[in-house]
Amino acid sequence: MSGSNELSRRDFIKVTTGIVGGLIGVALGLPSVSYLIDPALREGGKDAWISIGKFEDMQIDRPYPFSFTRVQVNGWERTSSSFGGYAVRKSDDPKDLLILNSRCTHLACNVNWSDESDAFLCPCHDAKFSKDGKVLDGPPPRPLDVYDEFRLSEDGQIEIFFKAG
Amino acid sequence: MWKKVYEWLDERLGLNDMYTNLLDRPEPKGNWWNTLGSASLFLFVLQGLTGIFLTVYYTPSPDHAYDSVQYIMEGVAFGWLIRGIHHWGATLMVIVVFIHLLRVFITASFKFPRELTWLIGIGLFLATLGMGFTGYLLPWNQKAYWATTVGTQIAGSVPFIGEFILKALRGGPDLSALTLQRFFSAHIWIIPAVLAGLIGVHLFLIIKHGESHFPTKED
Ligand code: HEM
Ligand code: FES
């Protein structure tokens, strides 16, 4: 730099290289981040009404098991996931139902109804839930989840509203 | 503060020396043709980065390869951009590396003491072609399938050991899941490792010998 204020040829090259490199970096870097996190920003599958069985088949005070699968497109593949639960009928009124999700609130194993123990038992860490889903024993932090949106269809089926995600 | 950190690092790593030797070394008078090696290096890095990103979604299996590429193009944000750069960059890299080779040949820069640089360069060119050959199969579409059928068939026409070469390339007598898998492995691990190693030696030799002068009338 010959003591002048003007940019020397070498500094000019350094600065342009820096700027051009930075621009390329940003132009490629930002789309790349978006590309990587894209699946995390997607909505899950669709919400739907799903029938779980005839109301007349459900006996009062006896947990009625049901299960269903939902298929979801993940990238280039269809993944089906199973869900299940128990409908506990209280009276003749189809509104008087408690529909429990059988997913254990501890670490997501499936609980099963046991007539002997008169409770839902979890095979994974020996949790015990009462007929109305309360924790009786074991590590789960809260009662079983409940499908609280349900209806009786015209042909006598109980349908629950399944929220994706 | 930063100055202290820098000095500490410099004393141990020799950052200043590295800078002078790598980026501020003297060059003979040249022209734009001398930049093609650096351009090749840039393309290699670019292909490496976009390639790594592609493997986040690409699946090298006959029943999913095509769909996963389709997903990259239409399902993921900027998938078209990443694949586009990798796709066109591949062709560009072959061209740029080849012109770099031609320029070294035309300016007779392959002579003593740069014969090894030249030989390694030949290896780099062949490996670059290998990247193109193995990468072309990966989308597993009609063009890819038949191009590889033909390509491996040509390799199979070598006398005596032709059939063995064909089977080794395909992982059996036919194009199959094994072919796709070994081409994938070659494309993302084996050939890039070879390229990276060769580039390292290539650049070491260039820095050691400095760039050649263009020949003058007296030469
Ligand atoms: C992946 C491909 C390659 C990369 C990244 C690469 C990189 C480089 C770089 C950065 C230079 C410095 C000077 C210049 O750009 O002209 C160079 C020089 C050189 N390259 Fe390559 N190169 C590649 C392929 C080749 C090929 C295919 C050949 C020839 C068969 C070759 C032979 C040479 C020789 C002999 C020199 C020394 C030229 C001189 O000193 O004037 N290179 N290379
Ligand atoms: S998952 Fe049910 S008790 Fe742990």
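Contact here means heavy atoms within 4.5 Å. By that criterion, 15 residues of chain A are in contact with 22 residues of chain B. The structure is a predicted model, in which local features need pLDDT of at least 70, side-chain atom pairs count only at pLDDT 80 or more, and totals for chains, interfaces and linings use all residues. Residues are numbered from 1 along each chain as its sequence is written, chains are lettered from A in the order in which they are written, and side-chain values use heavy atoms, with hydrogens and water left out.

Turning to the interface, chain A and chain B bury about 1,600 Å² between them, 66% of it on carbon and sulfur atoms; buried area is the accessible area (1.4 Å probe) that two parts lose on being put together, summed over both. On the chain A side, 47% of the area buried against chain B is supplied by L28(A), Y35(A) and W76(A), more than by any other three residues.

What salt bridge does R10(A) form? Its partner is D24(B), with the closest N and O atoms 2.9 Å apart, and the count between the two chains is 1 salt bridge (a side-chain nitrogen of Lys or Arg within 4 Å of a carboxyl oxygen of Asp or Glu). Helix 1 (residues 9-37) of chain A gives the most to the side that touches chain B, with 9 residues; helices are DSSP runs (H or I, at least four residues), numbered from the N terminus. That side of chain A divides into 7 nonpolar, 3 polar and 5 charged residues, where Ala, Val, Leu, Ile, Met, Phe, Trp, Tyr, Cys and Pro count as nonpolar, Asp, Glu, Lys and Arg as charged, and the others, Gly among them, as polar.

Methods. Helix = DSSP H or I, 4+ residues; strand = E, 2+ residues; numbered from the N terminus.
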